[in-house]
Amino acid sequence: MRNGGRIQAVVCVVALAGAARALANEPPGGELPVDREQQLWERIMPLTQPVAATQPYEDWFEAARRQRQVLLTRLRLYLTVYPGGAHRDEALRLELVTLFELATLRDGALDELCARVEELLRAPPSADVGEEAAYWAILCRHRAARSATSRPTSAPVGTPDPTLLSLYREYFQTYPRSRYAPRLADLLFADAARRDDRAALQDVLTQMRTHFADHAVTAALEGQWRRITAVGESFWPALRTLDGREVHRSDYEGHPTLIIVWAGFDDRACRSVQEVNHLRSTHAELRVIGVALDETAAQTATAARELGLDWPQCNDELGWGGEFVRNWGVTHVPFVFILDRAGRLVGTATEADWAELARPALEPSPN
């Protein structure tokens with residue numbers, strides 16, 4: 001039986017090698033030309049692109065499943081024929097991604113992915129592959145933890161899973177230079193902000209400053225940290241209206257003030273500025289400034305006119321690249337900054353809770 005198993009394994013490897021040579025158009029019987037590895041890799045890469053959307057949905061689903069299965073086969077052919085090839089680490093990364101995608105396109109079972117992850121963790125061919133396998137191990141460990149209990153939960157949809165966050169935190173600390181570190185930093189920073197855990201916020205930001213100093217996520221987290229630490233402090237950004245006039249602080253002193261980041265192309269933002277407009281109509285002391293992210297000032301002017309907004313609007317025509325949104329870590333619209341009568345930042349909020357946060361700032365000042 002042992003000899004039979006060995007013979008079967010050898011036959012399998014030979015068959016895979018033969019298939020790989022066929023994919024690379026290699027003449028049978030000759031030595032492998034130097035460029036055959038790259039030719040095979042170039043036949044793999046197109047399969048990593050998304051399948052074109054089709055209707056009905058079932059046709060797209062089946063096409064995506066077939067494509068991913070072919071991709072997995074070719075990746076394994078490459079790894080068999082070129083186990084130390086120039087694209088080995090990328091092939092292994094794609095193999096894990098493809099195993100996950102196939103699982104989601106089938107029945108959701110991750111057994112094959114988890115088995116491959118364990119294999120790579122036992123003997124990673126490189127540090128990069130070890131980091132990659134450790135990342136996918138999070139999914140496997142989380143699935144195992146969830147399946148170990150059948151207790152239902154009443155947590156609302158969207159509430160971060162504490163177990164998953166803990167696994168992410170462990171990975172982020174262990175592999176601070178991983179390709180996944182910026183994405184995890186964004187999730188962990190948001191969680192720490194929800195819990196108002198300043199120490200955790202600083203830890204995440206320090207890691208990103210150290211290992212991803214020039215990354216876009218680091219810049220965004222810097223802005224969010226600047227915004228969080230500005231609460232309770234005197235706050236006045238440099239802003240100019242659509243006609244180029246500077247917004248002077250003296251015009252707003254002694255008044256509760258809202259600075260709302262919005263865009264005429266976003267329905268939720270338009271609803272929020274209308275709600276702000278209604279609040280302003282019932283609180284004469286309230287001052288409002290709009291910071292719009294429309295492509296042009298003309299578009300903002302048109303949207304403001306159609307919505308009946310008569311308060312100052314600012315638009316530097318840089319959209320998400322504008323100084324205000326970058327400096328204060330604004331990542332979505334609508335987004336509201338609330339200032340009290342003394343010009344201090346009370347806090348920031350989204351469309352769901354800005355009105356509640358603004359209520360104390362609108363209370364009459366004590367005599």
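Visitor: At what angle do the axes of helix 7 and helix 8 cross?
Guide: The model is a predicted one. In it, helix 7 (residues 162–174) and helix 8 have axes that cross at roughly 130 degrees and come within 10 Å. Angles over 145 count as roughly antiparallel and 65 to 115 as roughly perpendicular, so helix 7 is oblique to helix 8. The crossing of the two is left-handed.

Visitor: Which residues make that contact?
Guide: Helix 7 contributes Leu165, Tyr168, Arg169, Tyr171 and Phe172, while helix 8 contributes Ala181, Leu184, Ala185, Leu187, Leu188 and Asp191. Sorted by class, the contact of helix 7 with helix 8 has nine nonpolar and two charged residues, with no polar ones.

Visitor: How does helix 8 pack with helix 10?
Guide: Helix 8 and helix 10 (residues 216–230) have axes 10 Å apart, at an angle of about 10 degrees. Angles under 35 degrees count as roughly parallel, and helix 8 is therefore roughly parallel to helix 10. Helix 8 passes helix 10 in a left-handed crossing. On the helix 8 side the contact involves Pro182, Ala185, Asp186, Phe189 and Ala193; these meet Val217, Leu221, Gln224, Trp225 and Ile228 of helix 10. By class, the residues of this contact are eight nonpolar, one polar and one charged.

Visitor: What is the arrangement of helix 4 and helix 5?
Guide: The axes of helix 4 (residues 88–105) and helix 5 (residues 111–122) cross at roughly 155 degrees and come within 8 Å. The angle is over 145, so helix 4 is roughly antiparallel to helix 5. From helix 4, Leu92, Glu95, Leu96, Leu99 and Phe100 meet Glu112, Leu113, Arg116, Val117 and Leu120 in helix 5. Seven nonpolar and three charged residues make up this contact of helix 4 with helix 5, and no polar ones.

Visitor: How is a pair of aromatic rings described?
Guide: One gives the distance of the centres and the angle of the planes. The structure holds 15 aromatic pairs. One of them, Tyr57 with Phe61, is tilted, at 5.9 Å centre to centre and 50 degrees between the planes. Both residues lie in helix 3 (residues 57–81), four residues apart, about one turn of the helix.

Visitor: What remains to be read in the backbone?
Guide: Most residues other than glycine have a negative phi, and most peptide bonds are trans. Asp196 is not a glycine, yet has a positive phi of about 55 degrees; Asp196 lies in the loop between helix 8 (181–194) and helix 9 (198–211). The peptide bond joining Val333 and Pro334 is cis, with omega about 0 degrees. Pro334 is found in the loop between helix 13 (323–327) and strand 4.

Definitions and conventions. Residues numbered from 1 in each chain as written. Predicted model: local features only at pLDDT ≥ 70, side-chain atom pairs only at ≥ 80, totals over all residues. Heavy atoms only, no water. Axes fitted to C-alpha atoms, helices over the stretch in contact; angles between N-to-C directions. Contact = heavy atoms within 4.5 Å. Nonpolar A, V, L, I, M, F, W, Y, C, P; charged D, E, K, R; others polar. Phe/Tyr/Trp six-rings, centres within 6.5 Å; stacked < 30°, edge-to-face > 60°. Left-handed = near helix turned anticlockwise from the far one by under 90°.
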